[in-house]
Amino acid sequence: LGWLRFVFREPGEDMGHGWLVPLFSLYLLWRQRGRLLASVGRPSWTGVWAALPLLALVWLGERGDQPRVTQVAVYGLLWALPCAFLGRAFARVILFPVCFLVFTVPLGFLGFFTIRLRMLTALFSSVLLNGIGIPVARVGTGLHCLTGEGFALDVADPCSGLRSIFALSALTAGYAYLTQRALWRKWLLFVCALPLAVVGNMARIFTIALVARFFGQQAGTGFYHDYSGYLVFIVGTLLMMQAGAWIARI
């Protein structure tokens with residue numbers, strides 16, 4: 001838990017949303033408290049056999065100083081031990097709240113996607129800007145305006161959209177679980193989280209370029225840049241809700 005607190009506070013890990021994940025899992029358990037009490041049954045050997053390799057993973061994670069391995073194993077035990085003592089019906093009820101905790105696992109090892117996301121965001125932003133009549137030249141992840149006072153922007157690592165992908169994936173998973181009935185609908189909406197987060201981040205970079213073009217680079221890369229991150233979640237959340245409505249009508 002001490003390690004998780006450090007990770008959630010570390011900007012480079014992009015895990016600021018992690019504080020809310022266990023709270024949402026607890027909310028789901030409280031919401032289903034009646035069903036939980038009714039599902040308590042006989043102990044199950046399934047949970048026992050599942051717990052044994054997970055205990056081994058806890059030991060390996062501690063011995064090898066691999067906190068992610070320990071973390072995943074502990075989450076597995078949060079399912080396996082209730083299954084062992086309270087039965088499989090009880091374990092089925094707590095399955096999603098436990099699985100949701102996976103969104104607290106730091107995914108810093110996926111950083112190699114950052115450059116690809118930066119290139120993709122810069123490419124689409126330049127296409128949109130040129131499409132509305134603002135001539136922009138793209139050089140790698142840089143955007144250079146060729147008219148007026150001009151501006152020079154670079155889609156840096158913090159603006160790659162990786163943080164919004166992590167956060168919106170967690171949000172979409174919870175929203176899909178609460179609003180969609182069929183399992184395939186839940187998964188379909190969850191899969192939409194990735195493109196929705198990318199679109200939201202593109203909208204942010206596009207508007208930063210617009211502000212820089214009409215109000216100066218200092219305005220675009222200063223105050224507006226610092227607070228435009230909320231735009232990603234606003235756009236992503238609205239698109240997520242609309243996608244959920246469409247999927248529900250399929």
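**Sheet, helices and surface**

Modeller: Helix α7 (residues 114–131) lies across β1, β2 and β3 and runs at about 165° to β1. Contact here means heavy atoms within 4.5 Å; axes are lines fitted to C-alpha atoms, for helices over the stretch in contact, with angles from 0 to 180 degrees between N-to-C directions. Helices (H or I, at least four residues) and strands (E, at least two) are DSSP runs numbered from the N terminus. This is a predicted model, in which local features need pLDDT of at least 70 and side-chain atom pairs count only at pLDDT 80 or more, while totals for chains, interfaces and linings use all residues. Residues are numbered from 1 along each chain as its sequence is written, and side-chain values use heavy atoms, with hydrogens and water left out.

Biologist: In what order do the three strands form the open sheet?

Modeller: Two strands pair if DSSP finds at least two bridges between them. The edge strands, β1 (136–139) and β3 (152–154), each pair on one side only. The twist averages 20° from one strand to the next. The pairing is antiparallel, and the order is β1-β2-β3.

Biologist: Which residue is the bridge partner of Leu-143 in β3?

Modeller: β2 (residues 142–145) pairs with β1 over four bridges, and Arg-138 stands opposite Leu-143 on that side. β2 and β3 pair in the antiparallel sense over three bridges. In β3, the partner of Leu-143 is Leu-153.

Biologist: What phi does Gly-140 have in the turn of the hairpin?

Modeller: Val-139 stands opposite Gly-142 in β2. β1 and β2 form a hairpin with two residues between them. Gly-140, in that turn, has a positive phi of about 65°.

Biologist: How far apart are the end C-alpha atoms of helix α10?

Modeller: The expected span of a helix is 1.5 Å times one less than its number of residues. Helix α10 (residues 193–215) has 23 residues, so it should span 33 Å. The model agrees, as its end C-alpha atoms are apart by 33 Å.

Biologist: Which element gives the largest share of the nonpolar patch?

Modeller: α12 (223–227) and α13 (229–248) each give two or more residues. The largest share, four residues, comes from α13.
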